[in-house]
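Have the model open beside you as you read.

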Amino acid sequence: MPHSPARLWALFQDYDRWTDYAPMVKRVDVVFPGDADGNGLLRRVIYQMPLGRSGAALELVTSIEAERGYTYTMLSHDPGNDQTGKVRLEPNGPNRTTFSFEERYHLTKAPWKWFEGLIYGFINRKNEESMRRASAWLTDHPEYRPDLVDR
């Protein structure tokens, strides 16, 4: 991405802005802010689902390395059905960042297990779109955190 890790990090931590670039996100509520570094942050992500439905994910954020990444667990009400994710930002020159995003799913119940490939194919496409749009949003908004642009 053609942005510094610090600027990307700032945008990804700015939960009020997620709806500006993530087409599936309707709202993010911080349930618990975590410690001084954000470890233990608990957020509720309200998102759009197919057929006009809404869903909610309760996500526990851990292993934070400021401007580098974090992991999160989407907590399921069913034991063993938690989903995990990881975000990584690696500097790759001035205002250049290699961005990595991974989610792992553990669906165990029918009928969801039967449709796992279709469900997560849809979610993965939307996640990729969100990340491309986040980069475009920063390009289109040079006024957002110009102090974090590498000089």
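## Strands and their pairing

Two strands count as paired if DSSP finds at least two bridges between them. By that rule, β2 and β3 are paired in this predicted model, running antiparallel with eight bridges. Within this pair, Leu 42 has Leu 60 in β3 as its bridge partner. The two strands make a hairpin with five residues between them, and Leu 51 in the turn shows a positive phi of about 65 degrees.

Moving along, β3 and β4 are also antiparallel, joined by six bridges. Here Val 61 sits opposite Tyr 72 in β4. Another antiparallel pairing, again over six bridges, links β4 with β5, where Thr 71 has Lys 86 of β5 as its bridge partner. Finally, β5 (residues 83-91) pairs with β6 (residues 97-104) in the antiparallel sense through eight bridges, and Leu 89 faces Phe 99 in β6.

## Two turns worth a look

Which residue takes a positive phi in the hairpin of β3 and β4? Glu 67 does, with a value near 65 degrees, in a hairpin that has three residues between the strands. Glu 67 lies in the loop between β3 and β4 and has this positive phi although it is not a glycine. With a relative accessibility of 36%, Glu 67 counts as partly exposed, because that class lies between the 20% limit for buried and the 50% limit for exposed.

The hairpin of β5 and β6 has five residues between its strands, and Gly 93 there has a positive phi near 110 degrees. Asn 95 is placed in the loop between β5 and β6, and its phi near 55 degrees is a positive value in a residue other than glycine. The side chain of Asn 95 also reaches the backbone nitrogen of Asp 150 at 2.9 Å. Setting aside neighbours within four places in sequence, the contacts of Asn 95 are Met 1, Pro 2, His 3, Ser 4, Val 149 and Asp 150.

## An enclosed helix

How many of the nine residues of helix α1 are buried? Eight of them are, so α1 (residues 5-13) is largely enclosed by the rest of the structure. The buried residues are Pro 5, Ala 6, Arg 7, Leu 8, Trp 9, Ala 10, Leu 11 and Phe 12. Around them, the packing partners are α2 (18-21), β3 (54-65), β4 (69-75), β5, β6 and α3 (116-140).

Apart from neighbours within four places in sequence, Leu 11 is in contact with Arg 17, Trp 18, Tyr 21, Ala 134, Trp 137, Leu 138 and Tyr 144.

In soluble globular proteins, nonpolar side chains tend to be buried together. In this model, the largest nonpolar core has 34 residues, and those touching the most other members are Leu 11, Phe 12, Trp 18, Tyr 21, Tyr 70 and Phe 99. At least two residues of this core come from each of α1, α2, β1 (25-32), β2 (41-48), β3, β4, β5 and α3.

## The largest pocket

The largest pocket holds about 1300 Å³ of space. Its lining is made up of 44 residues, and those closest to the centre are Tyr 47, Ala 57, Met 74, Gln 83 and Ile 123. The elements that contribute two or more lining residues are α2, β2, β3, β4, β5, β6 and α3.

Which element supplies the largest share of this lining? That is α3, with nine residues.

Notes:
Residues are numbered from 1 along each chain as its sequence is written. This is a predicted model: local features need pLDDT of at least 70, side-chain atom pairs count only at pLDDT 80 or more; totals for chains, interfaces and linings use all residues. Side-chain values use heavy atoms; hydrogens and water are left out. Helices (H or I, at least four residues) and strands (E, at least two) are DSSP runs, numbered from the N terminus. Buried means under 20% relative accessible area, exposed over 50%, partly exposed in between (1.4 Å probe, protein chains only). Contact means heavy atoms within 4.5 Å. A polar contact is a pair of N or O atoms within 3.5 Å; within protein, one must be able to donate a hydrogen and the other to accept it, and residues adjacent in sequence count only if both atoms are side-chain atoms. A nonpolar core is a set of buried Ala, Val, Leu, Ile, Met, Phe, Trp, Tyr and Cys residues joined through side-chain atoms within 4.5 Å. On a 1 Å grid over the protein atoms alone, a cavity is a set of points where a 1.4 Å probe fits but cannot get out, and a pocket is an open set with protein on both sides within 12 Å along at least five of seven lines; lining residues have an atom within 4 Å of a point. Grid points are joined across faces, edges and corners, and a volume is the space filled by probe spheres set on the points.
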